[in-house]
Amino acid sequence: MHLDKVSLLITHYNRSQSLNRLLQSFVQLDMFFAEIVVSDDCSDETHISAIQQLSTHFKFKLVKSPQNMGLGNNINKGQAEISTPYTLYVQEDFIPSDRFKERLYQSLVMMEANQTIDLMRFYAYVPYPYLKPKNEFGFSEMYLPFLGYRYKKIYQYSDHPHLRRFNFVEKFGKYQEGISGDKTEYKMCLSFLQNKGKGYFYNDFKELFTQSNSEAEPSTMTRVNWRNGANPVIKMVRNVYRQLKYNFEIYFG
């Protein structure tokens, strides 16, 4: 399948084996994009050498950085190289399933038919809490009830694999730079909600992609463990805090 209107944007940092696996997966699915951009955040020389070799085989454009600038900068400089109406954004540690080819095509049909759709989400750790089923393809529209009590309502946008329009940055702004990856994602989540973004969520959210990190190439995202722990007291305090913080920033931030 030749996707003339879709560019593949991959952000990369020190996981060239994972990048190779992802690109091979798309070839095996017979998916060929109008262009492929790999945006690298100053990986080690060993990985840079490896992805330069991959670029000659897979014919992608490598966008490098002279120093590590974080997720926001990595997405911004990669997106700046995209010229097609749609961008499929995937981080390098994901693997598409056999079903993804069909679902991507259906997503394009939906977005072409409805110009108000800004985003199609293909993966998540948990389901989005507020959904309106829309069609037989398995997608639901995300919506935000006023003062909805489920704090994960913030994640209509997500850095997980998704399809978005070319004007996404124009409508929602560039990704904030100079902060952690989690905060960069959070700021874009806020912008998406505050600017009335319209997104669709794939109901079977673990069907289309698998996230895979090996011992050789572990996740490069670090988080403070106590903030994400399962201790009941910490969990309760965290949930109340997030509910208050998210509601305030969504509506008054």
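Biologist: How many residues of helix α3 are buried?
Modeller: Helix α3, residues 71–79, is mostly covered, with nine of its nine residues buried. They are Leu 71, Gly 72, Asn 73, Asn 74, Ile 75, Asn 76, Lys 77, Gly 78 and Gln 79. Buried means under 20% relative accessible area, exposed over 50%, and partly exposed in between, with a 1.4 Å probe and protein chains only. Helices (H or I, at least four residues) and strands (E, at least two) are DSSP runs, numbered from the N terminus.

Biologist: What sort of model is this, and how are residues numbered?
Modeller: This is a predicted model, in which local features need pLDDT of at least 70 and side-chain atom pairs count only at pLDDT 80 or more, while totals for chains, interfaces and linings use all residues. Residues are numbered from 1 along each chain as its sequence is written, and side-chain values use heavy atoms, with hydrogens and water left out.

Biologist: How many helices and strands does the protein chain have?
Modeller: The protein chain has seven helices and 11 strands. Of its 253 residues, 50% are buried. Among contacts with a separation of 6 or more, 78% are between residues 24 or more positions apart. Contact means heavy atoms within 4.5 Å.

Biologist: Turning to α6, what span should its 14 residues have?
Modeller: Helix α6, residues 181–194, should span 20 Å at 1.5 Å a residue, and its end C-alpha atoms are 20 Å apart, which agrees. The expected span is 1.5 Å times one less than the number of residues in the helix.

Biologist: Why is α6 described as largely enclosed?
Modeller: In α6, 10 of the 14 residues are buried, so the helix is largely enclosed by the rest of the structure. Among the buried residues of α6 are Tyr 186, Met 188, Leu 190 and Phe 192. After α6 comes Lys 196, with a positive phi near 60°.

Biologist: Is Lys 59 buried or exposed?
Modeller: Lys 59 counts as exposed, because its relative accessibility is 66%. Asp 30 counts as partly exposed at 38%.

Biologist: Next, what is the volume of the second largest pocket?
Modeller: The volume of the second largest pocket is about 200 Å³. Of the 13 residues lining this pocket, the closest to its centre are Val 27, Met 31, Phe 32, Ile 36 and Phe 58. On a 1 Å grid over the protein atoms alone, a cavity is a set of points where a 1.4 Å probe fits but cannot get out, and a pocket is an open set with protein on both sides within 12 Å along at least five of seven lines; lining residues have an atom within 4 Å of a point. Grid points are joined across faces, edges and corners, and a volume is the space filled by probe spheres set on the points.

Biologist: Which element gives the most to that lining of the second largest pocket?
Modeller: Strand β2 gives the most to the lining, with five residues. At least two lining residues come from each of α1 (16–28), β2 (32–40) and α2 (45–58). The lining divides into 10 nonpolar residues, one polar and two charged. Here Ala, Val, Leu, Ile, Met, Phe, Trp, Tyr, Cys and Pro count as nonpolar, Asp, Glu, Lys and Arg as charged, and the others, Gly among them, as polar.

Biologist: Finally, where is Arg 165 found?
Modeller: Arg 165 is found in strand β9, residues 162–165, and counts as buried at 8% relative accessibility. The side chains of Arg 165 and Tyr 86 are joined by a polar contact of 3.3 Å. Arg 165 and Pro 85 are 80 residues apart in sequence but 5.9 Å apart in space, C-alpha to C-alpha.

How values were computed. Polar contact = N/O pair within 3.5 Å; in protein donor to acceptor, adjacent residues only side chain to side chain.
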